[in-house]
Amino acid sequence: MPGLLTMFQRPRRLVYVFFLLFVLTWILFKSDTCNRTANTVTKFGRQSNGIFEVKTRRNLEKINLRHKLQSARTKNEIKPETKKSQYWHFVLDDGEKRHRKFGPTIPVIYAITPTYARLEQKAELTRLSQTFLHLSHFHWILVEDSENKTSLVINLLRSSGLSYTHLHAQTPPNVKLKPTDARYSKPRGVSQRNAGLSWIRDNVDPETQSGVVYFADDDNTYDLQVFDEMRVTQKVAVWPVGFTGHLKYGGPVVTHGKVTGWLTGLELHRPFAIDMAGFAINIKLFFQYPEAQFSNYKVRSGFQESNILQRLHISLNDLEPLADNCTKVLVWHTRTETPRTDAEARNRQKLLKGPYFSIEV
C-alpha cells in the first residue's frame, strides 16, 4: 500500500515543479520587458525616441535637464515651443529620403564638424559618431574640405544611425595648410564652418525649433555631460577644454558665477581666449545677425573664436559658465597620432599580391 501511495504522489510533485518553473519564467520575462532600453540596436528593445525610463545616471541627467528647462520657461527665459514637431527630410546622392523627428520639448544641438581626407579620418569620424549616437535631439552637419563628397564619408554617415547633413566646401588653395606648414600657421575649417552656418540659416526656423550651435571638431574627445549642459544656453555658454593653450587645460576664469578672464598659455591679448570646442551659441543669434560668420582666413589662427563672438555682439558679461562654474573639464583637444606607414615601401611587392591596398581603413 505505501508503494501505491508513492506512485500516485510523484505526478503531483511533478505538477508542482512545472507550475513553479512556469511562474519563475513569467516573472523573468516581465522583468526583462520592464528593463528594455530605448536603443535602436537592442534586439528586443523598442524603437528609440531618446527617452529612457530605467533610472540610470544618464536618465537622471535628462530629468534634471527637463527641470532646468521648465524652470527657465517659468521665468520667461525660454519662449515656449509650439506643439508642432520639426521634421528633417534628407535626400542622399541616390535619391534616398530619410526622416528624423525632433520633439518640441528639448532644444536641438546642431554640431558643425569640418573634416578632411587623411589616413586617420575614418577612425576619428567613427569614434565621434559613436559618441553622438548617445544623444537625442541632435543633428550632425559634417562638412568635407574637398571638391566633391567622398564615398568614405557618404558610407560612414549612412551607416551611422544619426540625423545628419553632409556638405562639402573646399578651402582655397592659397590659404590651405601644406604638409610642410606648422599646424597653427594658418586658420583651418573656416570655409567648412561657414557652409554649416549657411545650411542652418536656410533650413532651420528658430521660432518653431529652439537649439544651439556647437563647433565639434573631429579630433576631440567629448563627455556626454557637456551636450546636456549646453542645451540651456541663452546666448553663449562656455567651459574649459583639456590639452589646449600649451597647458593641461585652458578656458574661462570664473569669479562669483561670472567670466572675468581667461586661462591660456598662448595669445594672452585675445578678446576671447577660448578653444573652438569650449563654447556653444544659441541658434537665434545667427538669425539676429545674419551676416555673422567666420572671417574667411583674414584673421590669423587662434583669433577665429574671438572673431565670430564679436560679430555676434557678445561681451564678457554675456558668457554663461557651465561645467560647475568652469571647474570641470568635459572636452579634450585630443588628436590621433598620424600612423607610420614607411614599411609599405619596403614590402610593396608582397602587399600587392593581397588585398592590402584595396581595404579601406
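Buried means under 20% relative accessible area, exposed means over 50%, and partly exposed is anything in between, using a 1.4 Å probe and protein chains only. With that in hand, Asp 145 is buried, at a relative accessible area of 16%.

Some ground rules before going on. This is a predicted model, where local features need pLDDT of at least 70, side-chain atom pairs count only at pLDDT 80 or more, and totals for chains, interfaces and linings use all residues. Residues are numbered from 1 along each chain as its sequence is written, and side-chain values use heavy atoms, with hydrogens and water left out.

**Salt bridges**

Asp 145 has a partner: its side chain meets that of Lys 176 in a salt bridge (2.9 Å, N to O). The term covers a side-chain nitrogen of Lys or Arg within 4 Å of a carboxyl oxygen of Asp or Glu. Lys 176 sits in the loop between β5 (164-168) and α5, and Asp 145 in the loop between β4 (138-144) and α4 (151-158), so the pair ties together parts that are 31 residues apart in sequence. Helices here are DSSP runs of H or I with at least four residues, strands are runs of E with at least two, and both are numbered from the N terminus. Lys 176 is partly exposed, with a relative accessible area of 33%.

A search of the whole structure turns up 10 salt bridges, including these:

| Pair | N to O distance |
|---|---|
| Glu 124 and Arg 127 | 2.3 Å |
| Lys 176 and Asp 145 | 2.9 Å |
| Arg 193 and Asp 217 | 3.1 Å |

Arg 193 and Asp 217 link distant parts of the chain: Arg 193 belongs to helix α5, Asp 217 to the loop between β6 and β7 (221-222), and they are 24 residues apart. Arg 193 counts as buried at 5% relative accessibility, and Asp 217 counts as buried too, at 13%. Shared partners also join Arg 118, Glu 124, Arg 127 and Asp 218 into one salt-bridge network. Within that group, Glu 124 and Arg 127 both lie in helix α3 (residues 121-132), three residues apart, or about one turn of the helix. Glu 124 is buried at 2% relative accessibility, whereas Arg 127 is partly exposed at 30%.

**Strand β12 and the cores**

Which strands pair with β12? Strand β6 (residues 211-215) runs antiparallel to β12 and is joined to it by three bridges, and strand β8 (residues 236-238) is likewise antiparallel to β12, with three bridges. Pairing requires that DSSP finds at least two bridges between two strands. Tyr 214 has Ala 280 as its bridge partner in β12, while Val 238 has Phe 279.

In a regular strand the side chains alternate between the two faces of the sheet. In β12 (residues 279-282), Phe 279 and Ile 281 point one way, Ala 280 and Asn 282 the other, and all are buried.

Phe 279 and Ile 281 turn up again in the largest nonpolar core, which has 37 residues; they are among those with the most contacts inside it, along with Ile 200, Phe 215 and Val 236. A nonpolar core is a set of buried Ala, Val, Leu, Ile, Met, Phe, Trp, Tyr and Cys residues joined through side-chain atoms within 4.5 Å. Helix α5 (residues 190-203) gives the most to this core, with four residues. Apart from it lies another core, of 32 residues, among them Leu 125, Leu 157, Ala 237 and Trp 239.

Setting aside neighbours within four places in sequence, Phe 279 is in contact with residues including Tyr 214, Phe 215, Val 236, Ile 274 and Leu 309. Contact means heavy atoms within 4.5 Å.

**A hairpin and some positive phi values**

Strands β10 (residues 249-255) and β11 (residues 258-263) run antiparallel and are joined by five bridges, with Val 253 partnered by Gly 261. The hairpin has two residues between the strands, and His 256 takes a positive phi near 50 degrees.

Phe 243 also has a positive phi, about 60 degrees, although it is not a glycine. Phe 243 is found in the loop between β9 (241-242) and β10 and counts as partly exposed at 48% relative accessibility. Asn 325, in helix α9 (residues 323-326), has a positive phi near 55 degrees and is partly exposed at 41%.
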